[in-house]
Amino acid sequence: MKNTHPKVIGLIQQKGGVGKTTLSLNLAGYFSHLGERVLVVDADPQGSSLAWSTARDGASPFMVIGKAVPNIHKDLPEMAADYDRVIIDGAPGVNGLIRSCLLASDFVLVPVQPSPFDIWACADAIEQVYEAMTFKDNLKAAFVINRKISNTVIGKKVFKAFSEQEFPVMESAIHQRVIYAECASIGKTVFDLSDAKSAQLEITRLAKEIVHQKERVKT
Ligand SMILES: Nc1ncnc2c1ncn2[C@@H]1O[C@H](COP(=O)(O)OP(=O)(O)OP(=O)(O)O)[C@@H](O)[C@H]1O
Ligand SMILES: [Mg+2]
């Protein structure tokens, strides 16, 4: 088995529509593109990742299974045994399901969008992650900015606002790109397309940053 730490990456944020599913699937696309055996656990009762896999024409490059129950952290080690990498696509809302996803993860990515609403909502996300860290002290977590629009004042303000939080922010941000929605609608990731180089590059940068960062823990 390859050294693939962090093995379990959770995309978790109680706020809806921030990009948990989009980033889960594209990170899964990246790791499977590398030749890893990847499992996506769809922990959302809406089943968006599962719907994605059924929209696809042909076999998926990674396995997607639905598990929207609050004991994921207990069942995951057995479910994950045959995989190199596991991505958890978390559910929105505040409940035991989110806590279970946090406890199941080695690395938590909290997607946030460049909007004041996301800045105001992030205190709750931070609190949930810190609560999980009291049970799992090797848990690592960081914000990732999604739907960034380059060179906007709001974009810069938001980055500054998140950087001022007592919580790490990934250096790699994901931009607003229609290709993410387009490829999701046909059950694909940007790694299935030949004309999505910029999107592939930013997902690759994000994935590499996750894999290589070891020091981002609560101080
Ligand atoms: N970087 C992006 N560029 C363009 N569109 C995006 C991007 N990220 C997400 N979207 C779009 O935003 C919408 C919400 O994204 P997504 O479903 O990934 O969020 P979510 O956090 O999983 O939502 P939920 O909380 O409902 O599960 C989708 O229509 C998706 O295609
Ligand atoms: Mg989702």
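Predicted model: local features only at pLDDT ≥ 70, side-chain atom pairs only at ≥ 80, totals over all residues.

Colleague: Where does R147 sit, and what is its phi?

Modeller: The general idea is that most residues other than glycine have a negative phi. Here R147, which is found in the loop between β6 and α6, has a phi near 65°, a positive value in a residue other than glycine.

Colleague: Which secondary structure elements make up the protein, and what pattern do they follow?

Modeller: The protein has eight helices and six strands. Read along the sequence, they follow the pattern β-α-β-α-β-α-β-α-β-α-β-α-α-α.

Colleague: How does the radius of gyration agree with that of a compact globule?

Modeller: For 219 residues, a compact globule would have a radius of gyration near 17 Å, and the protein, with 16 Å, agrees with this. Along its principal axes the C-alpha trace spans about 45 × 40 × 30 Å. As for contacts in the protein between residues at least 6 apart in sequence, 80% join residues at least 24 apart.

Colleague: What can be said about burial, surface and charge?

Modeller: Buried residues account for 54% of the 219 residues, while the protein exposes about 10,300 Å², of which carbon and sulfur atoms supply 55%. There are 25 positive and 24 negative side chains, and the centres of these two sets lie 4 Å apart.

Colleague: What is I88 in contact with, leaving aside its neighbours within four places in sequence?

Modeller: With those neighbours left aside, the contacts of I88 include V8, I9, G10 and L11, together with V41, L76, C101 and A104.

Colleague: Which residues of α4 are buried, and against what do they pack?

Modeller: In α4, L97, I98, S100, C101, L102 and A104 are buried, and the buried residues of this helix pack against β1, α3, β4, β5 and α5. I98 and Q14 are 84 residues apart in sequence, yet their C-alpha atoms are 7.5 Å apart in space; beyond its neighbours within four places, I98 is in contact with I12, Q14, A91, P92, G93 and Q128.

Colleague: Is P70 buried or exposed, and what does it touch?

Modeller: P70, found in the loop between β3 and α3, is exposed, with a relative accessible area of 51%. Not counting residues up to four places away in sequence, P70 touches G96, L97 and S100. The C-alpha atoms of P70 and I98, which are 28 residues apart along the chain, are separated by 7.7 Å.

Colleague: In the loop between β4 and α4, is G90 buried or exposed?

Modeller: G90 counts as buried, at 1% relative accessibility. Residues up to four places away in sequence aside, G90 touches L11, K20, A43 and D44, and its C-alpha lies 7.1 Å from that of Q13, 77 residues away in sequence.

Colleague: Finally, is D42 buried or exposed, and what is it in contact with?

Modeller: D42, whose place is in strand β2, counts as buried at 1% relative accessibility. With neighbours within four places left aside, the contacts of D42 include G47, S48, V64, K67 and D89. Q176, by contrast, is 134 residues from D42 in sequence and 23 Å from it in space, C-alpha to C-alpha.

Methods: Residues numbered from 1 in each chain as written. Chains lettered and ligands numbered in written order. Heavy atoms only, no water. Helix = DSSP H or I, 4+ residues; strand = E, 2+ residues; numbered from the N terminus. Rg over C-alpha atoms; globule rule 2.2 N^0.38 Å. Buried < 20%, exposed > 50% of the residue type's maximum accessible area, 1.4 Å probe, protein only. Contact = heavy atoms within 4.5 Å. Areas by Shrake-Rupley, 256 points an atom, 1.4 Å probe, with all protein chains shown as cover. Lys, Arg positive; Asp, Glu negative; His and termini not counted. Charge placed at Lys NZ, Arg CZ, Asp CG, Glu CD.
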